[in-house]
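I begin with the ligands and then turn to the domains and the backbone.

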Amino acid sequence: MRSQVVIIGAGPAGLMLGRLLELAGVDAVILERKSADYVLGRIRAGVLEQGTIALMDRAQAGQRMHAEGLVHQGVELSFDGDSQRIDFAALIDRHVMVYGQTEVTADLMKARQGRTLYEAEDVELHDLAGKPFVTFRQNGVTQRIDCDFIAGCDGFHGVARQSVPASALTTFERVYPFGWLGVLVDQPPVADELIYAHHERGFALCSQRSHTRSRYYVQVPTDEKVENWSDDRFWDELRLRLNPATAEALKTGVSIEKSIAPLRSFVAEPLRFGKLFLAGDAAHIVPPTGAKGLNLAMSDVAVLADALIEHCVEKSSAGIDAYSAKVLARIWKAERFSWWMTSLLHTFPDTGSFGRRIQRAEFDYLSGSLAAQQSLAENYTGLPD
Ligand code: RFL
Ligand code: PHB
């Protein structure tokens with residue numbers, strides 16, 4: 001087999017890249033380790049920046065998102081029961097959209113016309129500095145695809161980044177001493193907008209997927225086991241971390257999904273090795289507190305698609321040569337914001353009384369300063385390129 005581009009991974013990054021390339025007439029095969037149903041069953045992100053919304057439109061996959069997605073003009077931050085709304089619309093005339101990653105993935109899968117090979121096992125990347133090719137096994141048969149470029153969109157644990165010699169990559173990492181226990185429930189959201197809550201028992205987030213489906217998270221220690229959390233225990237803990245009026249209004253029910261996600265900040269540099277380009281979670285991880293992971297993955301592949309199209313159609317290398325530096329500038333700003341939101345809103349084992357006063361002062365400053373609110377709003381809704 002031959003293809004101009006081989007994309008590893010059919011998450012949002014791989015599917016979006018494949019779609020943008022096919023619309024420009026560039027041939028791309030996607031290789032995905034899991035089944036399509038498995039990919040669609042993963043419950044992850046829920047908030048789309050305006051750049052991601054525009055990209056779904058460019059991919060001609062935005063119709064259902066506009067019909068069903070919920071436009072949010074602000075978020076609420078709460079600190080030990082005191083609340084502050086950040087009004088995106090009034091501060092910077094921008095908004096975000098609540099629309100699940102699961103739906104984004106489904107819409108991109110549906111729009112795609114090119115080849116996506118699911119349950120592709122033992123994917124291996126070869127001759128990255130020369131004439132690249134990829135081998136894999138499907139239904140017990142080993143296959144080979146020769147290509148001009150490979151896009152590693154296979155997430156944090158994928159094979160693409162691991163195929164780069166260690167001496168050619170520099171990595172930067174911070175692992176947080178806690179994770180998020182998330183619950184999905186078919187009950188109306190407790191509030192119209194998202195609530196990010198700091199409490200001395202730990203962080204909590206009230207999010208949503210629709211007017212009838214809610215997503216809630218509480219901070220838990222890294223080694224916590226999901227089996228230790230009955231639905232009742234989860235709801236009791238969440239209520240304790242919310243302000244009394246919100247706790248009172250919370251509509252609970254039987255969870256339809258419950259899982260723990262670890263929190264990590266990670267960046268690999270550079271994002272190009274020969275003919276291989278890394279994008280999305282394969283290249284970087286942010287803690288979910290800033291709602292940036294999916295959006296960063298999308299902004300990476302928007303730049304990468306343009307660069308590959310420029311190379312394949314106009315025979316210019318300018319875009320692919322600039323790719324790594326261009327996206328890293330944005331990635332580091334999103335890393336900073338996600339780290340800042342995480343630091344403000346979580347309890348850390350070593351925070352101590354001084355650290356808690358600093359967190360409180362940060363919240364009070366935010367509450368009293370339109371400049372600080374504007375900064376949060378700009379970062380949360382997505383910085384310009
Ligand atoms: P994905 O989604 O991990 O997809 C990678 C795909 O590659 C496949 N794969 C392989 N395929 C072939 N061969 C191999 N060897 C392979 N190894 C892996 C995998 O099966 C998979 O299908 O990466 P991608 O496309 O870069 O997308 C990134 C996003 O999924 C991620 O950043 C977000 O989910 C992060 N995130 C959030 N981001 C936001 O922008 N807003 C949010 O509100 C938000 N909330 C979240 C989140 C992530 C969370 N978790 C579970 C980590 C909330 C949570 C709880
Ligand atoms: C979610 O709805 O899953 C979600 C929303 C906002 C975040 C993280 C996760 O910051």
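1. Which polar backbone atom is 3.3 Å from an oxygen atom of ligand 2? In this predicted model, that backbone atom belongs to Arg44.

2. The surroundings of ligand 2 comprise 14 residues, and the closest of them are Tyr196, Ser207, Arg209, Tyr217 and Pro288. By class, this shell is made of 8 nonpolar, 3 polar and 3 charged residues. The elements that give two or more residues to the shell are strand E14 (204-208) and strand E15 (214-221). The shell also draws on both parts of the chain, with at least three residues from each of domain 1 and domain 2.

3. Ligand 1 is surrounded by 33 residues, of which the closest are Glu32, Arg42, Gln101, Asp281 and Leu294. Taken alone, ligand 1 exposes 1,000 Å², of which the protein buries 89%.

4. Which element gives the largest share of the shell around ligand 1? Helix H9 (293-314) does, with 4 residues. Helix H1 (12-23), like H9, supplies at least two residues of that shell. The residues around ligand 1 divide into 16 nonpolar, 9 polar and 8 charged.

5. As for the overall layout, the protein chain is divided into domain 1 (2-72 + 96-173 + 264-343) and domain 2 (176-262 + 347-381). The centres of the two domains, taken over C-alpha atoms, are separated by 28 Å, and the contact takes 28 residues from domain 1 and 25 residues from domain 2.

6. The size of an interface is often given as the accessible area lost when the parts come together. Here, domain 1 and domain 2 bury about 2,100 Å² between them, with 64% of that area on carbon and sulfur atoms. On the domain 1 side, Ile43, His72 and Trp340 lose the most area to domain 2, and together they account for 24% of what that side buries.

7. Two places in the backbone deserve a separate remark. Most residues other than glycine have a negative phi, and most peptide bonds are trans. The peptide bond from Glu269 to Pro270, however, is cis, with omega near -10 degrees, and Pro270 lies in the loop between strand E16 (255-269) and strand E17 (272-273). Glu119, although it is not a glycine, has a positive phi of about 50 degrees, and this residue lies in the loop between strand E8 (116-117) and strand E9 (121-126).

Methods: Residues are numbered from 1 along each chain as its sequence is written. Chains are lettered from A and ligands numbered from 1 in the order in which they are written. This is a predicted model: local features need pLDDT of at least 70, side-chain atom pairs count only at pLDDT 80 or more; totals for chains, interfaces and linings use all residues. Side-chain values use heavy atoms; hydrogens and water are left out. A residue is near a molecule or strand if one of its heavy atoms lies within 4 Å of it. A polar contact is a pair of N or O atoms within 3.5 Å; within protein, one must be able to donate a hydrogen and the other to accept it, and residues adjacent in sequence count only if both atoms are side-chain atoms. Ala, Val, Leu, Ile, Met, Phe, Trp, Tyr, Cys and Pro count as nonpolar, Asp, Glu, Lys and Arg as charged, and the others, Gly among them, as polar. Domain bounds come from an automatic or database domain assignment. Contact means heavy atoms within 4.5 Å. Buried area is the accessible area (1.4 Å probe) that two parts lose on being put together, summed over both. Accessible areas come from the Shrake-Rupley method with a 1.4 Å probe; for residues, only the protein chains shown count as cover.
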